[in-house]
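Subject: Structure for you to look at

Hello,

Here is the structure I promised to pass on. Please open it next to this email and follow along.

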Amino acid sequence: MRISSFLLAFFVWMESPALAQELPIFDTHFHYSSGSWDVFSPDAVLKKMQAAGVMGALVSSTPDEGTQRLLKAAPERIVGGFRPYRKSGDLSRWYQDPELVPYVESRLAQNRHRSFGEIHLYSAENLETPEMARYLKLIVGQGLYIQPHADAAVVRALFTKDPNLKIIWAHAGFSEPPSVIGPMMDRYPNLWADLSYRAGHITGGDGLEPEWRKLRIRHADRFMIGSDTWTVDRLQEYQGLIGEHREWLKYLPPAVTEKIAYKNAMKLFKPKHE
Ligand SMILES: [Zn+2]
C-alpha cells in the first residue's frame with residue numbers, strides 16, 4: 001500500500017513525544033506575502049507552525065514567490081495555493097485586469113498548486129469578464145479548489161457558472177451567519193469552508209453560539225481551520241490565532257473535532273496520484 005507523504009509527515013509528527021498530546025491542526029488559510037519575508041524566513045515560519053501544533057498548511061501569497069519558498073522548504077507539509085496577485089493592489093481588480101493573464105497562465109502551467117485563492121470577489125458581476133471565464137476554465141481543467149473571500153451570492157454565482165467547481169469558502173463568508181451558511185452547505189456538496197476570522201463568532205461573539213454548534217456538527221465534513229496570516233502582526237501572533245480555534249474545538253464531539261482540526265483538509269489535499 002502506498003502511503004502519502006502527508007500521512008507520513010503526520011505519523012512522524014504524532015510520534016514526537018513533545019507533541020503527541022496535542023491535537024494536530026491543518027491550517028487551510030495561510031499567507032506568506034512579501035511584507036513578511038524580511039521578518040520571518042521560511043524556516044522561522046515552519047518553526048512557528050510546529051510550535052502551534054500545525055502539521056500542514058494551504059499557503060497562498062502575494063506574490064506567489066512566498067508560497068514557492070515555503071513549498072521548497074517543506075514540500076511534505078505545505079500545499080500550494082495560487083493567488084493571482086503580483087502586488088497587494090491587484091486584490092481589487094485582478095478579475096478584470098488583462099495584464100495579469102500571462103502571469104496567471106504561466107504560473108498555473110507549472111502545476112505546483114492545488115487551489116486558486118484566496119481571491120477576493122465583491123459581486124456576482126465580477127465573474128462576467130473574459131479574464132474570469134479563462135480562469136474558471138483553468139481551475140476546473142486542472143482540478144483546483146477555488147478559495148474565494150466572497151458573500152453567499154457570489155458563491156452561488158460561481159456554482160451557477162460551473163457546478164463542477166470545488167469551493168473552499170474563505171472565512172465561511174466572513175460575516176455570513178449560520179442561517180445562511182447551513183443552507184449553502186445543504187445545497188452544494190462541493191462547498192467547504194475555512195473558519196479563519198470566525199472564532200469570535202463561534203464562541204458567542206455574535207450571540208449565535210448554539211447555531212454555530214449545530215452547523216459544525218451537521219456539516220462536520222466541510223469545515224476546516226484557518227489563521228489568515230495576511231499581515232506580519234498576524235504571523236507574529238500565530239500561536240494565539242491557532243489557540244483561538246483550539247478553544248472552541250475542545251467543546252465539540254471528539255470525532256467532529258478531529259475532522260475540523262485536520263482530517264477534512266488531509267482528505268482534500270491528499271496527493272493527486274493516490
Ligand atoms: Zn486571507
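What share of the contacts with a separation of 6 or more comes from residues 24 or more positions apart? The answer is 72%. Keep in mind that this is a predicted model.

**Overall build**

The protein has 13 helices and 8 strands. Its C-alpha trace spans about 50 × 40 × 40 Å along the principal axes. The radius of gyration is 18 Å. For 274 residues, a compact globule would have a value near 19 Å, so the two agree. Of the 274 residues, 42% are buried.

Zoom in on E5 and E6 next. These two pair in the parallel sense over 2 bridges. Ile-146 has Ile-167, in E6, as its bridge partner.

**Helix H7**

Which residues of helix H7 (residues 152-161) are buried? They are Val-154, Val-155 and Leu-158. These residues cover an arc of only 100° around the axis, which means they lie on the same side of H7. What covers them? The cover includes strand E5 (145-149), strand E6 (166-169) and helix H8 (178-187).

**The core**

In soluble globular proteins, nonpolar side chains tend to be buried together. Here, the largest nonpolar core has 64 residues. Ala-57 and Trp-169 have the most contacts inside this core. Take Ala-57 and skip its neighbours within four places in sequence. Ala-57 is then in contact with Phe-26, Asp-27, Phe-30, Met-49, Arg-77, Ile-78 and Val-79.

**A loop residue**

Last stop: Asp-97. This residue lies in the loop between strand E3 (78-82) and helix H5 (101-109). Why does Asp-97 count as partly exposed? Asp-97 has 17 C-beta neighbours inside 10 Å. A buried residue needs 20 or more, and an exposed one has 12 or fewer, so 17 falls in between. Not counting residues up to four places away in sequence, Asp-97 touches Asp-90 and Glu-131. Asp-97 and Gly-53 are 44 residues apart in sequence. In space they are 39 Å apart, C-alpha to C-alpha.

Best wishes

Conventions. Residues are numbered from 1 along each chain as its sequence is written. This is a predicted model: local features need pLDDT of at least 70, side-chain atom pairs count only at pLDDT 80 or more; totals for chains, interfaces and linings use all residues. Helices (H or I, at least four residues) and strands (E, at least two) are DSSP runs, numbered from the N terminus. The radius of gyration is taken over C-alpha atoms; the globule rule is 2.2 Å times the number of residues to the power 0.38. Two residues are in contact if their C-beta atoms, placed from the backbone, lie within 7 Å. A nonpolar core is a set of buried Ala, Val, Leu, Ile, Met, Phe, Trp, Tyr and Cys residues joined through C-beta atoms within 7 Å. The arc is that of the directions from the helix axis to the C-beta atoms. Two strands pair if DSSP finds at least two bridges between them.
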